[in-house]
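Visitor: Could you take me through this structure? I would like to begin with the fold and then turn to packing.

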Amino acid sequence: MQEQNKFSDDLKNAFGDKYSFVFDNHVLFADTKTLLSTMAKLKDIFNFNMLLDVCGVDNCKRPVTEWTHGIRFESVYHLLNMDLSQRIRVRVPVDVDNGEMVPSVVSFWKAADWFEREAWDMYGITYLGRKKERLLTHHEFVGHPLRKDYRADHNQPLSESLDIFFEPDPSISADEARKREWINIGPSHPATHGTLRIMAEIEGEVIKRSKLEIGYLHRCFEKMAENHLYNQVIPYTDRLNYCSAPMNNIGWCKAIEDMMGIEIPDRAKALRMILAELSRVIDHLVCIGAGAVDLGALTSFWFCFEERERVYELFEKLCGARLTVSLTRIGGMAQELPVGWVTDCLEVVKKIEKGIAEVDRLLTKNKIYVDRTRVCPITAQNAIAWGYTGPCLRATGVNYDIRKANPYYFYKDVDFEIPVGQNGDNYDRYLVRMEEMRQSLRIVNQVLNNLPSGPYQSLDKRVCIPPKKEVYTNIEGLMNHFMLVMKGVRPPVGEIYSATEAANGELGFYVISDGGPNPYRVKVRPPCFAIYQSFSEVVQNKMISDAIAELGAMNIIAGELDR
Amino acid sequence: MSTNKRLVSALTKNSEEDFALERLIVTTKADSFLEWAKRWGQSNSLWPFPFGTACCAIEYMAVVGPKYDASRFGAEVVRFSPRQSDLMIIAGTITEKQAPILRRIYEQMADPKWVIAMGACASSGGFYRAYHVVQGVSRDIPVDIYIPGCPPTPEAVLQGIMQIQERIKKGVSSYADAQKIEEDELALSTLKAE
């Protein structure tokens, strides 16, 4: 806390009244002229070494408050100082209608690359020196869908898919250029696990240049969230990273709870931790299993899926759904544990431990697997510049995990370790994931053995429906019930960025509330979006088969990538 | 004349195929028997092409996984080449960007072919009434079976596969229907032109 106050004071001294501290977030205003100098200061003096997110906001329907400034668009940056684990938001108003452009921050952080492209795609905010390329929507799309005047249900069909094309490479002679070929991988390809497309220029088996095309699963999460109530957004969050759905629920609910200043009961916290860690395990199991299939090791996939199935069964007992569970509500959990669930869970944990040991025996010392995954290393510095988080960052040797850096819930009370790698290659990522699974099971064990009793939902009247007895016997309870059903959860006017450690890295939710029943703007900071944009650079001059291994080890989940 | 008793008795007594089989022995009318044998073979060795895009694809993995094991229905040989497969399982949301690819892959599949739309998104767009999501794949390709659920349970998917098997045994497919409608329309338009 003291550290944070000191940091706050330093920022205040440096930036004066442009700086404020609201909802536990550092907020800084800048304009397009001073943006670059501000960013340089933040990066060099205040050591904000990672760019988490860049996004646009359309303010045209926002009621006038101390949060607005009268200009329609703004470009919002989120930065992270990893040493002190402090985050800052930089808001830059942009007068797009009068042709104002924002200087690009790609020279400071490479991670800005796709985020800026997305901001143009969604809002039409132009970044100086950047090409206006579509990223998530298709190339025939007209307009900017996240602007408030774009209707959510206005479809624009695409006639023909984009053809593969590369500009001539100026650095090579005509003779060399003749040796090169173009190949297209995906978006329907067994190794791309969904909907990724890689266009590669190859020489023999070696990738010389590559372009990535994403957006094949752009399901408009952000637009949908703007049109639904806060609790209705929870099922949408399930489908972000569908390999570990409960973690997204938790991330979303935590953001809204932080905004409303709700402290959820101990039992809810503990249950959320159990669910989060179980889903971390199943997410890593899919990643390792499917990644091994790409390398030809089918056996481990069946082993991994058997363990996954056990966790599915636990979820099914808990709520009836297997994959997309929607288990949390704002203010706590959806329901109490069924009888006998804790014992079942303890048993499952034991079985999974055994299963992981089996996978470990199959892969860890398997010469073919080791040789094929000792490829595509990335340095820690480079990884931070690209905005890596999660196991991929820890595999490079950076000891950064939000569960330790900004512990939420009971993570500061449980005993667990953060595994780190050395080389940042695919094998290290595999090892980090294996160890993380064991640590997660350790956490689950500890929490299950000390499961607090008490209510599973907070008693805060703003978010939780009172018990049925109150509703039927008491006018206050009845009114409370009525208001919540009719008007929904309404967080106070303001903005918040709240992050949790999801299976792939930092999952952040940037939520703007205008005091109404629907969120005004939601931006997800998807961990694999930042990781995947580095793919072209990482696989350059590598074999095609190594690129496939890399794709598996990055664990790109299209639902989260394209939202 | 001796017949393979086991083969004959395994069939339901009053089925047409059964008659065909018996008649083959008596009258050696091969056509209907061969047709029956073809359908029987096709229905029990489906080669699915999983057009997996989203969450449903993960659930489809569970279907072919050890517990639910789609190989019990002869549908475990997952082929990622459309040329080698006869059943397309659309598992996941189809976006506007993805739709041309879906059409192209469907066209590349060899005839005869069947299509399962797995889950709410593929069937109708699901709860994504959004600017980039196709509101049901039947806009682009003919669908045989729709499986409800978000995602459907593996049991539901297995039932969908069994229903496809029934359709094959009856010789029905949406692809053939669509083909026929197209031919009719063509004939009608030429008639009108004349």
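Guide: Helices (H or I, at least four residues) and strands (E, at least two) are DSSP runs, numbered from the N terminus. This is a predicted model, in which local features need pLDDT of at least 70, side-chain atom pairs count only at pLDDT 80 or more, and totals for chains, interfaces and linings use all residues. Residues are numbered from 1 along each chain as its sequence is written, while chains are lettered from A and ligands numbered from 1 in the order in which they are written.

Visitor: What pattern does chain B follow along the sequence?

Guide: Chain B reads α-α-α-β-α-β-α-β-α-β-α-α, with eight helices and four strands.

Visitor: How much of chain B counts as buried?

Guide: The share is 42% of its 194 residues. A residue is buried if 20 or more other C-beta atoms, placed from the backbone, lie within 10 Å of its own.

Visitor: Which residues have the most contacts inside the largest nonpolar core?

Guide: They are Leu79(A), Tyr60(B), Ile90(B), Ile116(B), Ala117(B) and Met118(B), in a core of 217 residues. Helix α8 (residues 266-294) of chain A gives the most to this core, namely 17 residues. Such a core is a set of buried Ala, Val, Leu, Ile, Met, Phe, Trp, Tyr and Cys residues joined through C-beta atoms within 7 Å.

Visitor: And what does Ala117(B) touch?

Guide: Leaving aside residues up to four places away in sequence, Ala117(B) touches Ile90(B), Ala122(B), Ser123(B), Val137(B), Val143(B), Tyr146(B) and Ile147(B). Contact requires C-beta atoms, placed from the backbone, within 7 Å.

Visitor: New topic: how do α3(B) and α7(B) cross?

Guide: The axes of α3 (residues 30-44) and α7 (residues 154-170) of chain B come within 8 Å and cross at roughly 165°. Axes are lines fitted to C-alpha atoms, for helices over the stretch in contact, and angles run from 0 to 180 degrees between N-to-C directions. The two helices are therefore roughly antiparallel (an angle over 145 degrees).

Visitor: Which residues make that contact?

Guide: Arg39(B), Trp40(B), Gln42(B) and Ser43(B) of α3(B) meet Gln165(B), Ile168(B) and Lys169(B) of α7(B).

Visitor: Finally, how many residues of each chain are in contact with the other?

Guide: In chain A, 38 residues are in contact with 32 residues of chain B. On the side of chain A that touches chain B, α5 (221-226), α9 (298-319) and α21 (558-562) each supply at least two residues. Helix α9(A) gives the most to that side, with four residues.

Key:
Buried ≥ 20, exposed ≤ 12 C-beta atoms within 10 Å, placed from the backbone. Contact = placed C-beta atoms within 7 Å. Parallel < 35°, antiparallel > 145°, perpendicular 65-115°, else oblique.
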